[in-house]
Amino acid sequence: MRYHGLSFHAPAIMNCCMETSRSCTLVTLLPLFLLAVINNCASISFAAAAAAGGSGNSVQLHVHDTQVVMDNGLVQVTLSSPAGIITGIQYNGIDNLLEALNKEDNRGYWDLYSTHPGGKGNQFVIKATNFKVITQNENQVEISFSKKWDSTNSKDVPLNIDKRFVMRKGQTGFYTYGIYEHVQGWPAFNLNGTRVAFKLRKDKFQYMAVGKTRQRKMPMPEDRLPPRGKLLQFKEAALLVDPVDPAMKGQVDDKYMYTSNYEDIKVHGWVSSNPLVGFWQITASDEYRSAGPLKQDLTSHVGPTSLTVFLSSHYIGQDGVPIFQDGEAWKKVYGPVFIYLNTGPAGTKESALYDDAEKQLQQETKNWPYSFLGSPDYQKADQRGSVQGKLLVRDGEINKVDVPAKDAYVGLALPGEVGSWQRECKGYQFWTRAGPDGLFTIKNVVPGDYNVYAWVPGFIGDYKYEKLVTVKAGGVVTLAEDLVFEPPRNGTTLWEIGIPDRTAGEFFVPAVDPQYANPLYLKQDTWRQYGLWERYGEIYPKNDLVYTINSSDYRKDWFYAHVTRKVGTQFKSTTWQVKFKLDDIVKTGSYILRIAIASSTGAELQVRFNDATTLTPHFTTGSLYKDNAIARHGIHGLYLLFNVQAKTEWLRKGDNTIYFTQARSGGPFQGIMYDYVRLEGPTAAPKPVPVPKPQPQPQPKPKPVPAPGPETDAAPEPAAGPEPEEGPEPAAGPEQEPKPEPASPEAEPEPEAPTSPNTTTPASPEPEKKNAASLSSYSWTVAVLGLALYFVN
């Protein structure tokens, strides 16, 4: 970057020196040189503006009896020793970005939540017992804080844990990652969650950003507590009654309003306005996260708190908890995450720091997998492989031929059943999106055995490639055959409700009660507002929802969540009706009702055809999962698909009604979010004929071409959904764009000299003098460029 300005003016300097009609003098070049220096100095980045000149400092490690300090001249990080708790971060004139009023183990830390068979859960900050220097030189420091399982302590989790911290020269930030190991022969336990948490200074950090459009000034932590705040139906949700900032009066704050899908948790954090400092957690890859790219989790919230959650049961329930059996061997690397700090010149807006952090994300993604980490358990680029192939969709009802699975989610996860990836929580997962032609490439895959899984927006169901895929270091697995996904299909679609995209976002989301509004979500993600589940009883106080095919509009008439209704002090189950007509009943074959569920919380769906009074339903799901998406302001959770075979005697010619009953009614959050509902007739569509692959045509022998030139260097879930409060608190990442191959010297023709119309360029009458002038000009060029480099350095 330091030579950016100089290179910008190089064409002007060269044009001056190559001019043959006059000599190039120092007087002519001096203004260009000064402009180059000025432009170069103005090229200082947001991050480097914090401490101009500090980027040249080497990385220092200061080891004391009870603490360790990493310092690269830009950032100084202090950790307790040997516990490995981050007690201080110094940057841009702020002596500590972390909340010094908190105890030392409640500032920056790794924590863990586990349960033992038959025992209660245990959440604790991970405190190491051993400190070790892994790497120490002028360019980088990597340090380790580790602990081994203490078998004499009944509350200790049977894991060896190694927390790593890395600081590099010239970077305004640091990396952290961890290695967890359950040794063969050790006892059983459940790993309910683990994460990295930072508690920042509340007097400084009051502006939060968890996305490009999800940014705002946040309440103070005391605003949530009485008498300034009033807790609502669960402790995570608070009404601001008398906040420090009066403009926030009447708003609701809840940390679950700021969750995101894993595929979207790339950059989030906080900004201090005085002095201007951004604190960001940057995630370059999701490979170490569980349950796939659609799994949702916490980001940043009031505290000010900033989290990187590696594992949790949020929005998925107990199926997202890895259960380790007696003697089961397991090891996994969580992270690394980059803690990035930035600033800017006076007048810079807080949102500009977020934009700069997104640019840093691009750099981190480009560098993934990192080459500088010291643990042998973290595979470098040459230790990984890739998988590529093509996915097609075969649905004869829609197309007569197989079509490319455009935008399909395609991933690698541990071998399992169809759709098991969204519950898989022990191994790594690598995801990508297929292109318009169905082609996909999954890069930077850790060696091992995997299944290929996929789902395609616009189609119900899941795909799994039955053959095991083995990835080896440095290898490329090219799937020889096209993968063909056949979505569930029995016959012609008679009617459908919704869009099969695994969310309930297309359905009717009511306006929030004004006394419970969060202004950030008045025009976007309106389903994130508090209390929307209560609006159902207000809109349907006595009679439940009735949806009429060919008349109703699911965007207006299908409530986003099938919830209970409160009557007095009790909650009652609710029954929705879908009314439709059939011109005739086909006696041969079966009618199929397909019900795709985007989320469920302690619910049971019962289905009855044309008889709401029959005691035994024609179909029941039984007790469903508890992903708590309704209470946690989500629009989807764990995806489920049910295929109900409707007997012909259940239907009738003419008017029909299907009754959907949510039968469980223990509280306000028990309910279902539908993704998509479809009724199919019994006549199966013919199987489409696969598109034949084009046969290769004989090609003429290529003409010899010149050789190219040299390349340039280039906790068990609580009933109501909310988790225990913090105590002392894809897919691989985005694919790297291939670098373009440099053209050979012969490939670029020399530009012709410009000519005027109807004129010719005369030959030079004195070639010897021209060459002498060129040589003199070249000497001046060397001298000036040397002088420029001397002053710039």
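**Cis peptides, positive phi and buried sites**

Pro304 is located in the loop that separates strand E21 (300–301) from strand E22 (305–311); here strands (E, at least two residues) and helices (H or I, at least four residues) are DSSP runs numbered from the N terminus. The bond joining Gly303 and Pro304 is a cis peptide bond, with omega of about -5 degrees. The model is a predicted one, in which local features need pLDDT of at least 70 and side-chain atom pairs count only at pLDDT 80 or more, while totals for chains, interfaces and linings use all residues. Residues are numbered from 1 along each chain as its sequence is written, and side-chain values use heavy atoms, with hydrogens and water left out. A cis peptide bond also runs from Ser81 to Pro82, with omega near 10 degrees. Pro82 belongs to the loop between strand E3 (75–80) and strand E4 (86–91). In general, most peptide bonds are trans, and most residues other than glycine have a negative phi.

The protein contains six helices and 45 strands. Of its 793 residues, 53% are buried, where buried means under 20% relative accessible area, exposed over 50%, and partly exposed in between (1.4 Å probe, protein chains only). The accessible surface is about 36,200 Å², and carbon and sulfur atoms hold 54% of that area; areas come from the Shrake-Rupley method with a 1.4 Å probe, and for residues only the protein chains shown count as cover.

The mean pLDDT (the predictor's confidence in each residue, from 0 to 100) is 84, and 79% of the residues score at least 70. For residues 1–45 the pLDDT is below 50, and this stretch has 50 contacts in the model beyond near neighbours in sequence, a contact being heavy atoms within 4.5 Å. Residues 47–54 also stay under 50 in pLDDT, with 16 contacts beyond four places in sequence. Where pLDDT is low, predicted coordinates should not be read in detail.

Helix H4 (residues 532–539) has Leu532, Trp533, Arg535 and Tyr536 as its buried residues. Viewed along the axis of H4, these residues fall within an arc of 150 degrees and so line one face of the helix; the arc is that of the directions from the helix axis to the C-beta atoms. Their cover includes strand E36 (562–563), strand E37 (565–567) and strand E39 (574–582).

Thr503 is in the loop between strand E34 (493–498) and H4, and is buried at a relative accessible area of 18%. Its side chain reaches the backbone nitrogen of Gly505 at 3.1 Å. Beyond four places in sequence, Thr503 touches Ala598, Ile635, His636, Tyr674 and Asp675.

Two residues in the loop between E42 and E43 are described next. Asn628, in the loop between strand E42 (619–620) and strand E43 (640–646), is not a glycine but has a positive phi of about 60 degrees. Asn628 is buried, at 1% relative accessibility. His633 is in the loop between E42 and E43 and has a positive phi of about 55 degrees, although it is not a glycine; His633 is buried, with a relative accessible area of 1%.

Asn628 is among the contacts of Ser600, which, beyond four places in sequence, also include Leu624, Tyr625, Lys626, Asp627, Leu640, Gly671 and Ile672. Ser600 is part of strand E40 (residues 591–601) and is buried at 0% relative accessibility. The C-alpha atoms of Ser600 and Lys626 are 5.8 Å apart, for a sequence separation of 26 residues. The side chain of Ser600 reaches the backbone oxygen of Tyr625 at 3.3 Å.

Key:
Polar contact = N/O pair within 3.5 Å; in protein donor to acceptor, adjacent residues only side chain to side chain.
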